Amino acid sequence: MLQALIVLGAQLVYVPLVVLRTLMMVKGEKGKSAFFAVLEGGVHVAALGIVFSDLSNYYSMAAYAIGFGLGMYAGSLLEEKLAIGYVSLQVNILEKNMALIRHLREAGFSVSISTVEGIDDTRHKLDCTSRRDRESEFIDIVRHYEPSAFIVSFEPKSFKGGYVVKNMNKQREKFAKKKNKNVNI
């Protein structure tokens, strides 16, 4: 039974490492991906070694399978919590809402505005970029100003230059200072 618990624990470490390695590889972080691969390989070999050392121990085999499923769940929660990278957001609204646009910019989000043709009328599209860990904050701001807005988000593989690279952190710091100042008044 002790072997089964060790295998279960190893799987709970191994599978989140797989998730992190894959995430780093997709994000282009080759060095980090290789580091996680080394850890992943070591844990995987140890767990499989225990399972293969006694193929009559069905508890170890069951622990391996259950640990894999639980590890996958834990890995997906970890990935969601880390929210590494950026997200591109497109917001489609009926009117050019300058209060919304101003608030998004003050909060440090990039905003480009264009007029587009909908089925029945002209609409306004906001093309925005955010760090993934701020996506829900962005959506909350949009919902506050435009409850019926159509919002689409997707992860860009790469980008170069522009507002994101130059000013996003500066704008966020400026907004945070301004927000703290207003709270203290």
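The buried residues of helix 2 pack against helix 1 and helix 3, where buried means under 20% relative accessible area, exposed over 50% and partly exposed in between, calculated with a 1.4 Å probe on protein chains only; contact, here and below, means heavy atoms within 4.5 Å. The structure is a predicted model, in which local features need pLDDT of at least 70 and side-chain atom pairs count only at pLDDT 80 or more, while totals for chains, interfaces and linings use all residues. Residues are numbered from 1 along each chain as its sequence is written, and side-chain values use heavy atoms, with hydrogens and water left out.

Helices (H or I, at least four residues) and strands (E, at least two) are DSSP runs, numbered from the N terminus. Helix 2 covers residues 30-53, and S33, F36, E40, A47 and V51 are buried in this helix. L48 also has its place in helix 2, but counts as partly exposed at 23% relative accessibility. The C-alpha atoms of L48 and M61, which are 13 residues apart along the chain, are separated by 9.3 Å.

The lengths of two helices were compared with an expected span, defined as 1.5 Å times one less than the number of residues. Helix 2 has 24 residues and reaches 34 Å from its first C-alpha to its last, close to the 34 Å expected. For helix 1 (residues 2-26), the 25 residues should span 36 Å, and the end C-alpha atoms are 37 Å apart, which agrees. Just after helix 1, G28 takes a positive phi of about 85 degrees.

When residues up to four places away in sequence are not counted, L100 touches I93, L126, I141, V142, Y145 and E146.

Two strands are taken to pair if DSSP finds at least two bridges between them. Strand 2 (residues 110-117) and strand 3 run antiparallel and are joined by eight bridges, and the two strands form a hairpin with four residues between them. Within this pairing, S114 stands opposite K125 in strand 3.

The structure holds six salt bridges, each being a side-chain nitrogen of Lys or Arg within 4 Å of a carboxyl oxygen of Asp or Glu. In one of them, E79 is joined to R132, with the closest N and O atoms 2.7 Å apart. E79 lies in helix 3 (residues 58-82), whereas R132 lies in the loop between strand 3 (122-131) and helix 5 (135-145), so the pair ties together parts that are 53 residues apart in sequence. R132 is buried, with a relative accessible area of 15%, and E79, R132 and E155 are linked in a network of salt bridges. A further salt bridge brings together the side chains of K125 and D127 at 3.8 Å from N to O; K125 is partly exposed at 23% relative accessible area, and D127 is partly exposed at 26%. The side chains of D133 and R131 also meet in a salt bridge, at 3.0 Å from N to O, and D133 is partly exposed, with a relative accessible area of 45%.
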